[in-house]
Amino acid sequence: MTELKDLETKAVPNWCPGCGNFGIQNAIKKAIVNLNLEPHNVCIVTGIGCGSKITFWINTYGFNSIHGRSLPVASAVKLANPELTVIVVGGDGDGYGIGMGHFVHAMRRNIDITYIVDNNQIYGLTKGQTSPTSEKGTKTKSTPFGVIEKPVNPLSLALSADATYVSRGYAGELEHLTKLIENGINHKGFALIDTFQPCVTFNKVNTYEFFQKRVSKLEEDSSYDPTNKLKAFEKCNSDTDEYLPIGLFYKEDRKTYSEEETGLEKGPIVKHDISNIDITPLMEKFM
Ligand code: SF4
């Protein structure tokens with residue numbers, strides 16, 4: 001049985017005290033324990049940003065990739081060995097800014113990975129610039145007179161790109177977020193868990209108090225049907241100054257990329273028998 005202590009590393013997170021990333025880290029660890037996943041069968045892939053440092057602080061396999069490129073790396077890991085549980089973690093700047101193209105393609109391909117986005121509506125690691133999810137009017141060092149663009153809506157974007165599991169959590173609701181991650185890992189296909197993550201140092205608007213007053217769990221509304229895509233689009237666009245729904249917005253079952261890829265019919269590439277292939281010429285050419 002996997003226990004929380006099995007996931008500890010010798011290094012200690014250097015996030016600012018109170019950062020929402022601590023809640024997300026705890027939720028990921030709890031989900032791994034609750035699903036009894038063995039650490040060596042889990043690979044956490046990250047990009048660049050405060051939240052992306054998490055690979056150093058959870059004792060699974062990890063790949064700290066480059067800015068905005070975590071999803072292609074994670075896709076490659078999953079295709080090479082579909083038996084691994086692949087979890088991707090990164091910020092809103094990493095995923096919805098520089099990584100936006102990869103975000104859309106991973107969803108339409110339905111790669112079987114779980115993508116947790118630490119959405120703090122700011123660039124934290126580079127000390128407080130506007131991000132793709134900053135609200136219109138937000139004043140930062142890079143926008144002293146206020147943001148003039150509308151923010152990216154990652155949920156309705158995910159629906160448009162045919163993602164098969166679209167959800168939103170909040171770092172201050174640990175049990176709820178843990179369940180979203182567990183269900184995302186169990187889901188066969190691409191699972192998005194956009195997560196409100198208070199950045200206590202650079203975002204003084206979207207604080208714990210701010211979210212505590214506004215978040216509302218979809219699971220508490222028995223009339224909401226997460227298999228109805230049209231209703232999901234409505235719900236994904238229903239944020240107001242007073243209401244921010246969290247939970248599962250949409251889910252559907254569709255074949256994953258690995259299931260469609262004929263090259264994987266004989267099982268994971270890492271387990272293919274290559275003993276009858278002479279790789280000497282290849283080695284001589286490249287070594
Ligand atoms: Fe967390 Fe913000 Fe500090 Fe980064 S800058 S560690 S996101 S509180």
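Predicted model: local features only at pLDDT ≥ 70, side-chain atom pairs only at ≥ 80, totals over all residues.
## Contacts

## Fold and dimensions

The protein has ten helices and eight strands. Its radius of gyration is 19 Å, close to the 19 Å that the globule rule gives for 287 residues, so the protein is as compact as a globular protein of that length.

Along the principal axes, the C-alpha atoms fill a box of roughly 65 × 40 × 40 Å.

## Burial and surface

How much of the protein is buried? Buried residues account for 49% of the 287 residues.

The accessible surface of the protein is about 14,400 Å². Carbon and sulfur atoms hold 55% of that area.

## Cysteines

How many disulfides does a search of the whole structure find? The search returns zero. The cut-off is a pair of cysteine sulfur atoms within 2.5 Å.

C16 has a relative accessible area of 36%. Buried means under 20% and exposed means over 50%, so C16 is partly exposed. C199 has a relative accessibility of 9%. That value is under 20%, so C199 counts as buried.

## Charges

The protein carries 30 positive and 34 negative charges. What separates their mean positions?

Note on methods: Residues numbered from 1 in each chain as written. Heavy atoms only, no water. Buried < 20%, exposed > 50% of the residue type's maximum accessible area, 1.4 Å probe, protein only. Helix = DSSP H or I, 4+ residues; strand = E, 2+ residues; numbered from the N terminus. Rg over C-alpha atoms; globule rule 2.2 N^0.38 Å. Areas by Shrake-Rupley, 256 points an atom, 1.4 Å probe, with all protein chains shown as cover. Lys, Arg positive; Asp, Glu negative; His and termini not counted. Charge placed at Lys NZ, Arg CZ, Asp CG, Glu CD.
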